[in-house]
Every structure is written in structure tokens, then in C-alpha cells.
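Trainee: I am new to this structure. Could you take me through one part of it closely, the side-chain contacts, and then show me what lies around them?

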Amino acid sequence: MRRMSRQTNANRRGLVPVVVLVMVALLSLLAASYTFLVRSNLQEAIAGHERFQARMAAEGGIQKAILILREAKNDPSVWYDNPAQFAGQIVYQMTRSKKDDTETDATEAAAAVAPVLPTWRFNIVAPNHDVPGTVRYGVTDECARLNLNMATEDQLRRLFEVAIPQDMQSPVDLSVLIDSLMDWRTSGGAPRPNGAKDDYYQALDPPYKCKQAPFSTVEELLLVRGFTAWTLFGEDYNRNGLLDPNEDDGDASFPPDDGDGALFAGIAPFLTLWSQEMNVSKDGRQKINLNMQNAQQLQDQLSTEFSPAIVSYVAQVRGGGMQFNSIMNLLPAPTPEEQARDNPPPEEKSPASQPATSQSTSGPTFKKPKRGDLVSSDQAQLQDGSQNPPATSQPVFSDLTPTPPPGTLEDLPLILDRLTVQQTPLLTGRINVVTAPREVLATLVDLRDEEITAIAAARAQLAPEDRSTAAWLLTQSVIGMTRFRQIFDKITTKATVFRLESVGYADHVGVVERL
């Protein structure tokens, strides 16, 4: 019995180390798990803090852009592409303490190879349509885009022809897009010949109704018959205006693309709902209305800024019971010979004669063939006999009085800046000839391709003081007087609404926030 008791005690003593080892292992695992949890939570907190800092850096970029626009919104040279103000701008940078200034040479040498000081920055970026595949550092005005709710059929057709690449192997009828778009934004129960109303949309799964009202967003086009994500956004699914690796690898990864090394960004970058400007001078003053009822007040206001000859001519017109239909009535109208020269008969073009190369810098951009594309306007007219033919008649300009008006090209910048014939405080749908890409300039259907090329070339050399009005189109002989009068009420050099993309980032971590 004594021997058995001693054996039992020995067994118990042998079990204790095992139990202790198991407990130590369990406690070690518990401690390791707790440490991992703490470290994970700490890293999560640090990451959240860094993302918040990056977002605040991006917010800082927005506030900087607002400040610049408040001071110089009528000067595109300040905000359109200005790396000095919008590229890599520091929002916050940690500085070395005073103690660091007294460190030894050895410590300073070690600091020289240490990571950079924590620095938070922002970039204000936008696609550079003049140099595809690059970005510019600046803001985009909405008048650089075509207003989706105000565009005519001719404007839409021209934009789609120029902006969407052609492909005759899998054609999409252009008339379907245009008629369906017009049906969506206008009331009425009967669809256009190639359009769609409730009968078409109610047959879809899920069914919905035709809006029959103006668009609320550009993305709303995805609900319209014929429009797809490819038509609207092309290969640029993250909408950054750059050709990213996954957008140039064919079918290897999303999104679908053809891997041709060129970015098709769709039509969305050229459309807006917010192209508007205040009907005021570049310094914010109310413009002088040539048709105001108080003739004495009109004469007093004109006398402070314009020559006696112009003041006298305005008094002559208004005193004769007439009104100005345009401020261009202050300049002599082009002669019939000049108007005939500036408006030659349009040349008929066959689909084969349309340019097919992409990235041209000499005129409207024509992309090279890609899949899923559109039929040219000539083919659409052949396929659809109801297609409205382009207008062939041109307006004829004449003076209001037998005596030619006294205004000259030297007076034109002041005339465009200070005078108006419209009471409305807000002008909508005009296209900014200083900032609009060639695809949008092409929607000024009165312009020929060579004139669009001339405008794009001339505006790149403009001095800042010339950008405030469209007078440079005439003073620099970019286009003729007849053509200027044709597009005068459709163009602008100002804007009230802007869009911007702000990217906040840091030098010391790889966190990026895009607003």
C-alpha cells in the first residue's frame, strides 16, 4: 500500500509539468491573439486616420480652387491649366523640432537617409483633350461641354459622329440614339421614327416609363434606348481620363476594351446639364442693355465708356423707333460678297471620305475603328428617309440704318464685355471657345473643320487679357465676320459653374483620396 501511494504521488508530480506546459501554451496563444488583435485595430485606426488626412488634403484642394475662382473666374489662364497652383500643393508638412538643429553630424547624416517628413498634398486634375492620354492641372468649366437638355439634333449628330469611333462591322444606327434621346426629354405620346416612348420601355424587364422631361443627370442616358455604358463611358470606367492597364488589356480583365493603346472615353466627358453664365461684365457689373426703355439713362451710361460716335449711333437707332437685335449691329455688316465667300456651298461627303485616324491635333478628333460603333450621318439618312436634312440656307446680315454703324474691331472687346440686348440675368447652353475640346467645338455646326482647327491653334497662344471676350476670333483673323455673326449667340468665354477633381495624397504613405 505504501509502495502504491508513492507511485501515485510520482505520477501526479509527472503530470504537473505537462499541465503547466499546456497552460503556458494556451496563455501564449491567447497573448499572441490579443497582440494580433491590438495591432490589427491599431493598424486600422492608423489607416483610417491616414485616409481622413488624405480626404482633408483633397478638401483643401477644393477650397483652394474655390478661392482662385472667386478672384479670377473670368481668366481661364489662371484656372484652366496652372501647375503652379494645382499640382503637388502642400497642405501640411511636419517640421523638424529645434532639438534636431543641434544634432551631431552623424545624426544629421542618418537623418538624410531616413524616410521623408510626413507631407500631405493635393492635385487638381482634369483630362487634357488637346493631348489625349495626359492630364492638366486645373478646373473645367461646364460651358466647355454640350448642354444635353438644349442640344439640337444637328449638334447631337455632329458630336456623336466625332466623339464615338466608327465601326461598320457591328453598326449602331445613329438615328436611334438621337431620336430616342429627343423622345426621352420631350413630352408627347408618339415616338419619332427611330425613337421610343412608353410602349418600348414598358415592354422591357423591368419595365419603366419614358421620362418625357429634361434630363436630371448625364448618367440618365443609360435608361434611354440605344445607349449603353460603352457608349457613355467607353473604356474609361473609372472616369479619370487616363488609359489604365486594365483598360488596355483586351479581354484579360474588366472593363471591356480593345487593347489598342488608345483610350475611348465615351461621350460623357462632352456632355453637361449646367452650362450657364451670368449676363454681366468680366468685372461683375451689370451690362448695359441697348434696348432699355429709358433713352436718357442709356445715353448717360454709354457716354462714360464709349466713343461719341457709338453713343450718337445708338441714339439714332433708338430715336427712329427701332431696337437692336444684336450688339453686333454696332459694327458694319459684311458685304454680300463677303457673306457669299464665307458661306460656300457645303461639300457632300461620302462615308469613305470621312477621316478614320485617331488623335489628330489638326481638327476634330476621329478615332480609329473599334467595335460596337455608329453609322455615319450619310448612311443614317440613307437608312432612314425621315432623317431631317441639314439646313442649307444661311442668314443674311445687314445694317439697321442706311448709314454704316461706327463700331470697329478695336471697339469689339468693350462692346462684347459691356453691352447686351437681353434682359435675362443668366445665359445657358453657350459653348466656351477658349476651353471647349474640339469634339464640343464641332457641335457649332456653322463652323467648318478648318475653322475649328484655327480656333484650337489660336487660343493656345492667347494672352490672358484676350481671353475675357470672343473678340480675338475677329481681331486675330481666326474666322471672318460672317461666320462670327453666325455663331456669336452660341459661344462665350465665361462660365459660372465649374467641376473639379481633387486628389489628396502623401509623400510618406500610399494613401490616396479622390473627390
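Mentor: What follows goes from charged pairs to rings, then to the backbone and the surface. Keep in mind that this is a predicted model.

Start with the charges. Side chains of opposite charge can pair when their charged atoms come close. The structure holds 18 salt bridges. Let us look at three of them.

Take Glu305 and Arg418. They form a salt bridge, with the closest N and O atoms 2.9 Å apart. Where do Glu305 and Arg418 lie? Glu305 is in the loop between helix H10 (295-303) and helix H11 (308-319), while Arg418 belongs to helix H14 (residues 412-418). The pair therefore ties together parts that are 113 residues apart in sequence. Now check the cover on each side. Arg418 has 5% relative accessibility and counts as buried. Glu305 has 25% relative accessibility, so it counts as partly exposed. The cut-off matters here: buried means under 20%.

Next comes Arg285 with Asp283. This salt bridge has its closest N and O atoms 2.8 Å apart. Arg285 is partly exposed, at a relative accessible area of 39%. Asp283 is partly exposed too, at 48% relative accessibility. Now join the two pairs. Asp283, Arg285, Glu305 and Arg418 are linked in a network of salt bridges. Find these four residues in the view and follow the links between them.

Is Glu501 buried or exposed? Glu501 counts as buried, at 16% relative accessibility. Arg514 is partly exposed, with a relative accessible area of 39%.

Turn to the rings. How many aromatic pairs does a search of the whole structure find? The search finds 10. Look at Phe160 and Phe227. Their ring centres are 6.1 Å apart and their planes meet at 70°, so the pair is edge-to-face. The angle decides this, because planes over 60 degrees apart count as edge-to-face. Phe160 lies in helix H6 (residues 153-163), and Phe227 lies in the loop between helix H8 (198-202) and helix H9 (229-233). The contact therefore ties together parts that are 67 residues apart in sequence. Both rings belong to buried residues. Phe160 has a relative accessible area of 1%. Phe227 has 6% relative accessibility.

There is also an aromatic cluster. Trp184, Tyr200, Tyr201 and Tyr208 form it together. Arg225 lies over the face of Tyr200, at 5.2 Å from the ring centre. Another contact of this kind involves Tyr80. The charged end of Arg136 sits over the ring of Tyr80, 3.9 Å from its centre.

A cis peptide bond joins Asp205 and Pro206, with omega at about 0°. Gln212 is in this loop as well. Gln212 is not a glycine, yet it has a positive phi of about 55°. At 26% relative accessibility, Gln212 counts as partly exposed.

Move on to the loop between H9 and strand E6 (271-272), which holds Pro255. What kind of peptide bond joins Phe254 and Pro255? It is a cis peptide bond, with omega at about 5°. Arg239 lies in the loop between H9 and E6 too. Phi of Arg239 is near 60°, a positive value in a residue other than glycine. Arg239 is partly exposed, at 38% relative accessibility.

Finish at the surface. Leu15, Val18, Val19, Val22, Met23, Leu26 and Leu29 form a nonpolar patch there. Together they have about 640 Å² of accessible area. Met23 lies in helix H1 (residues 2-72). Met23 is partly exposed, with a relative accessible area of 43%.

Note on methods. Residues numbered from 1 in each chain as written. Predicted model: local features only at pLDDT ≥ 70, side-chain atom pairs only at ≥ 80, totals over all residues. Heavy atoms only, no water. Salt bridge = Lys/Arg side-chain N within 4 Å of Asp/Glu carboxyl O. Buried < 20%, exposed > 50% of the residue type's maximum accessible area, 1.4 Å probe, protein only. Helix = DSSP H or I, 4+ residues; strand = E, 2+ residues; numbered from the N terminus. Phe/Tyr/Trp six-rings, centres within 6.5 Å; stacked < 30°, edge-to-face > 60°. Lys NZ or Arg CZ within 6 Å of the ring centre and 35° of its normal. Patch = residues over 30% accessible without salt bridge, like charges linked within 9 Å, V, L, I, M, F, W, Y side chains within 5 Å. Areas by Shrake-Rupley, 256 points an atom, 1.4 Å probe, with all protein chains shown as cover.
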